[in-house]
Amino acid sequence: MDTLLEVKGLRKYYPILGGVLRKKIGEVKAVDGVDLKVRKNECFGLVGESGCGKTTLAKVILRLLEITSGSIYFDIPKKVRKKMKEMDSRKFERVKKEYDLSTFKGRRLKDIRRRMQIVFQDPSSSLNPRMLIKDIVAEPIKVHKLMRGRALRDRVEELLSYVGLTRDHLFRYPHEFSGGQRQRVAIARALATNPDFVILDEPTSALDVSVQAQILNLLSNLQDNFNLTYLFITHHLLVVKHISERVGVMYLGKLVEVASTKELFKKSLHPYTRALFSSIPIPDPEIKKKRLILKGEVPSPANPPSGCRFHPRCPYAMKKCREEEPSLINVDDNHYVACHLFDKRG
Amino acid sequence: MRELLKVQNLKTNFYTYEGIVRALDGIDLDVKEGKTLGIVGETGCGKSVTALSILRLILPPGKIESGKVLFWYKGELSVDLLSKDEVFLRRVRGNEISMIFQEASSALNPVYSVGEQISESFLLHQKRELYKAIIEEIEKNMREDNFFLKNFVYRFHKRIYKKMLENSKSLRIRFISLLPLINRYKVWLKKEVSRRVVDILTKLGVPDPQRIMERYPHELSGGMQQRIVIAIALACNPRLLIADEPTSNLDVTIQAQILDLIRRLKENLGLSILFITHDLGVVAELCDYVAVMYAGNICELAEVRKIFKNPSHPYTKALMNSVPTLEEKKLESIRGNVPNLISPPEGCRFHPRCDYATEICARVKPDMVEVEDNHWVSCHNFLRG
Amino acid sequence: MKVSITNRKRSEFKEELLPRIKEIKFSFNRFKKSPLSLMGLTLIIFFLGIAIFAPQLAPPKYPHNPYRIPRDGYSAIPRPPSPEHPFGTTEGQYDIYYGVIWGTRTAFRVGLTVVGSILVIGIILGSISGYYGGVVDEVIMRIVDTFMSLPTLVLAMALVSALGRSLDNVMKALIIVGWPSYARLVRGDILSVREEDYVEAARAVGCSNLRIIFRHVLPNAIYPLLIMASLDIGAMVLTAAALSFLGLGAPVGYADWGQMTSFARNWIVGPPDNPLAYWYTITIPGLFILFFVLGWNLLGDAFRDILDPRLRRR
């Protein structure tokens, strides 16, 4: 399958300013070297706890935050991709400039934003409280000057009908809606410009369970109907299971495990992923499982532990884990893990 | 099994600009001693209002209209918290019934250290116990240390604490407490309180309690803050703990830690808990009994195994089908939206969204029926088997 | 066919208006509930009426220059109310009635022009400063700090003395001393609104910076500003009056409340045997200033109750 989005060595550091002169005295390594491939028409789930850098990653991909280093390739033609492998470095630099999203500015950036959209976690804050629903949904179309007048209005109604709202909802303010309906409006806005790629940043975690199911079903229907590619960010492993084909697990700014959903739920390898699995409360009182409760808390990304970042909480930590940082290696048919336990070289 | 708390026909309304919000429409439930009752429901179904109404913490425009909250007090299930005065309630709150909230960071006061905040509940509710313990402590010191001058000081301090035990607000004590050097007697109190704070923090598995005590809330992580809130709630050995979504804002691994902690506390202290959550998974892991709430009503109340094995109310069943689980299944959503409680549907409030609704559902509000032992359902056409 | 289109348009128009009407109704309901804000509104409407109907209430003697107060003689001693001078005359035989009526117009002019200009300047500079940040922000804010470190009235007096005595210069001086606090307020609001998710969403959609500022940030940040502005109209009139009282305002004989109080300066206390002999010279213009400022303050408080998003709903 074709790759739609490829992220290479992505880093995002926030400077910590201090002192009278507000000099940089440190860095928060929110995202620290992430490699990621999202295939066309798939839903890639990104799982991690708060503060692991998943939202930062999303915002950097959309260029809402300045990138520190790394490159983002979006929808490179197959031919170019093939060529890129055999290019010399100068030519490569030129092609890179052509396709690397992290270097885009002005018009090109605006064009790319037409093709990539985002749905935020909390619909009550992601909709402007002083705008009518019809203006909110129409805004992307207006900004990109795609339609106007009658056509625009029809398009807005069409978009609302996709997400299960009617034209009665056009002339209302966001505060008149329930959380689920607001999230529908936000989804309609994201679809307004016919994007190829939508980042869903915890779209259901501010919603109730019954509404969450509605939204999840709606999202997978929309994906089928409009050939969308999703990057689904969440902290909830069970939600990921229901919507994604592949999952990446993040811990403290790094990907620790990437695998297909089936594979991951059948056989998770990284100790952190396993701990995540065992901490999910299962809605069935009959299951009394032996749980693996992690000690301590997530360390601060301003001062991450040496070596493997998980080692202070890891029940299997060895001497090597403290010293050497594991890299993401393919252990078994596209199942990637960053853990020394599975590094057969060593 | 004894009932510790019994809520009968509780009704609470909110008088807003748009109209009267009928937030609680006659709630009946009971918490048994040493057991955990979970209240599950979606946003706006009235679970938090229930908790606040029990402690009568509803603020205007909200008003408790009718009902009874009977609490086991001095050997009988006799005290109706709704009819008692504020002074009595203040004695109950934090002492007999404690509450912990969802947002730990806003439940803690940012300008006091953690230790000060925990000791506040000791000083509020357990002064007498403290004084007694201090007098014993002084007596012990007197026996060990026979030096003439020190003995004199000890005797003086003991006298003051005895006075305070009789009447802690007497003018003489207040005057003495202002005099430098002489008011050194307060050191005993400080020592005793901090000893108790360390005690309770250790019990909650807080590493290095001496240091954590000195910290301010913003220096602690979310999980640690929630532990501190629990410590404050448990400081006075309450008999009932009301927990309002205590883990909803925490990460799963931290949530697992806190749930484990609550489970251990329940076993060790014989605590009764009223646990409010929207997460069916948490309920399944922690609770003995479950009450499912919808739009201000309890629609099903049963033992946890029974309700998960055999959900009898259509709403309970739909709720369970909409939660993602480990099994492969299609998520079923409940059609429509939660009703507006200003003009709730007639009859059963769930009937417009219910797949099993019949003509009677739109007219008559169903009563609670006991379908099997300890399994109550309020539905006209409850689902069997 | 054509009719149906216009009909459709009209119904759409109505639909579009409906939510806004609902909002206004909601606001009005809040307004009605507080008697003080109603009183403020009544006061302002009353003064507005005086300002509008000034030519009818006090027909000007000099039609080309209606703001010049007619004099009835040149005696320095004020005369008490009489049929032809309902509020009496002040020092130099200026008619107090004529002065306060036409002074209302001056007051509105001063208040609205000054606050209006301050708003525009404050919004522009504050938005630039808050939205872009960095060096621009630093420069603008240091200028603001400089202005705010000087006492308002002293700075205004110095400016008027430097520019020369006239009402226009008073207004200029007030604008110069007034804008920094607005710029700072706008900047703060914009900084907090800028972090909201919907601004991020607007950027993700591809909105330009200008569109984000005007469509998303300002409409959500402007309300505290309007509240402050309505409170400040009164305050600005009061400062202008103070300057006039000190002899730094409108030219002599110009209808202005501050000027009227300035005339009364020597007559606040009468002769020892009758200290209240000339009460009307100071009391009448004083009451006009008092109620005008009070009106705006009450209205500002009402706006705060209605518009403050934290107090709105729930």
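Select chain B and colour it by secondary structure: you'll find 14 helices and twelve strands, which are DSSP runs numbered from the N terminus (helices are H or I, at least four residues; strands are E, at least two). You're looking at a predicted model, where local features need pLDDT of at least 70 and side-chain atom pairs count only at pLDDT 80 or more, while totals for chains, interfaces and linings use all residues. Residues are numbered from 1 along each chain as written, chains are lettered from A in written order, and side-chain values use heavy atoms, without hydrogens and water.

Zoom out. The C-alpha atoms of chain B fill a box of roughly 90 × 45 × 40 Å along the principal axes. Of the 385 residues in chain B, 54% are buried (under 20% relative accessible area with a 1.4 Å probe, protein chains only; exposed is over 50%, partly exposed in between).

Now show contacts, meaning heavy atoms within 4.5 Å. Take those in chain B between residues at least 6 apart in sequence: 65% join residues at least 24 apart.

Next stop: select residues 171-178 of chain B, which is helix 7. Which of its residues are buried? They are B:I173, B:I176 and B:S177. Look down the axis of helix 7 of chain B: these buried residues fall within an arc of 100°, so they line one face of the helix (the arc is that of the directions from the helix axis to the C-beta atoms).
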